Amino acid sequence: MSGGRLRRRLHTVARAAGWYAAVTSTAQVAAVVGVVAVDEIRKRRNPPPGGYASQPPVAVDVGGSGITTYTSGRDLYEAMLSAIEGAQHTIYFESYIWKADDVGQRFKDALVAASQRGVAVYVVYDAFANLVVPPSFYRLPAPIHVLRFPVLRSAMITRPGIRSLGRDHRKILVVDSATGFVGGYNIGRLYADHWRDTHLRVQGPAVWELDNAFCDFWNQYRGRHLPALPDRGAASWDARTEAASNAPSRLLFPVRGIYLKAIDRASERVYITQAYFIPDEEILASLLAAARRGVDVRVIVPEYSNHVVADWVARGYFGRLLAGGVSIWLYRNAMVHAKTATVDGRWSTVGTANIDRLSLTGNYEVNLEVYSDEQAAEMERIFEMDLGNCRRLTYEEWARRHHLARVVERLLKPLQPLL
């Protein structure tokens, strides 16, 4: 073939590839617009009742540390505010979303009051997640120290890629290095009344795990205008309760590792609850392998979450999961936002990370993993409670879905790396 003919063929191929990419991108945009529009219509026609089950907080002892599990935002916020009001020395407060509503104002007032009585208060919030909140809400009086995790950072230019784009998705409160809280709850009225979530309170030596996680993040991003926090080693070691903290700027992603480790060990049951469930190939393979060896693998996800595009991308994995023996349970009438799992009645995790790309390889996250039969039993009771608000999605139902739904799933699946 002559050089001229080869160049013409390559040019034709390039034009065809460009045309295909343009058509595909247009179709993806149309699919996103379509599913968002349909979801808005659905919300207006069928507003969710907002009803869901919760249970009173339950405490267990794990190696001398008390761990209390919360499934109600109202109960959790009262416990957090009580801890803040009783603070004597330090408060570390970090939240991905902190709304300027009546609930958010209560937290602001409590932090200000603590500072006025001499408590050293340190606050972290994510600027991007709170763009809709008036900036004045976060102007806390001195000597409160506020770290605003910025929307844009220099690393986005000097080191472009996932490791520089991550948001601070964590939710941590530590008071006097003696009481700590971590889990899925953001701060706001919506989360107190309408979202089903899970959070932990830790009291005792294991609080160091959350104290250390906050201090490490603070010291990395405080800049020159904020004071450094002390880097204290643990007074005691107990591997039964450990924090896994994702730090994308340093390519540290232990949350993904604890999930893989626990699922690979499973011999009886794996119960997972996720707000946004978009597993990567290795986690997907691990779940399917567990199901093949006879493990009862169950996953609770929202029937409709607050991110409809994430819902549709997640559905692209349902067929393989259902065919492989994993049961999928759709949570109804409320947004389930919990990020929890428990395995074999021995191991559990509660934290801020979803099983998706953003959480596992993009955002700053923290999950507490707990090796305790008592805590696992509590997490299994909560899982059974939540199943009562779910309907099971069967493979037969999934196989009968409309052909248009299949097309939308295929169009949106390439967006997985962005979610």
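**View 1. Y92 is a buried residue in a predicted model.** The relative accessible area of Y92 is 2%. Buried means under 20% relative accessible area, exposed over 50%, and partly exposed in between (1.4 Å probe, protein chains only). F214 is also buried, at 0%. Because this is a predicted model, local features need pLDDT of at least 70 and side-chain atom pairs count only at pLDDT 80 or more, while totals for chains, interfaces and linings use all residues. Residues are numbered from 1 along each chain as its sequence is written, and side-chain values use heavy atoms, with hydrogens and water left out.

**View 2. Y92 and F214 form one of the 22 aromatic pairs in the structure.** Their ring centres are 4.7 Å apart and their planes lie at 0 degrees, so the pair is stacked. Rings of Phe, Tyr and Trp (its six-membered ring) pair if their centres lie within 6.5 Å; planes under 30 degrees apart count as stacked, over 60 as edge-to-face and the rest as tilted. Y92 sits in strand β3 (residues 90-95) and F214 in helix α7 (residues 208-221), so the contact ties together parts 122 residues apart in sequence. Helices (H or I, at least four residues) and strands (E, at least two) are DSSP runs, numbered from the N terminus.

**View 3. F214 also stacks with W218.** The ring centres are 6.0 Å apart, with planes at 20 degrees. Both residues belong to helix α7, 4 residues apart, about one turn of the helix.

**View 4. Ring pairs link a cluster.** Its members include Y77, F93, W98 and F107. Y125, F137, Y138 and Y185 belong to it too.

**View 5. The charged end of R315 sits over the ring of W312.** It lies 4.6 Å from the ring centre. The criterion: NZ of Lys or CZ of Arg within 6 Å of the ring centre and within 35 degrees of the ring normal.
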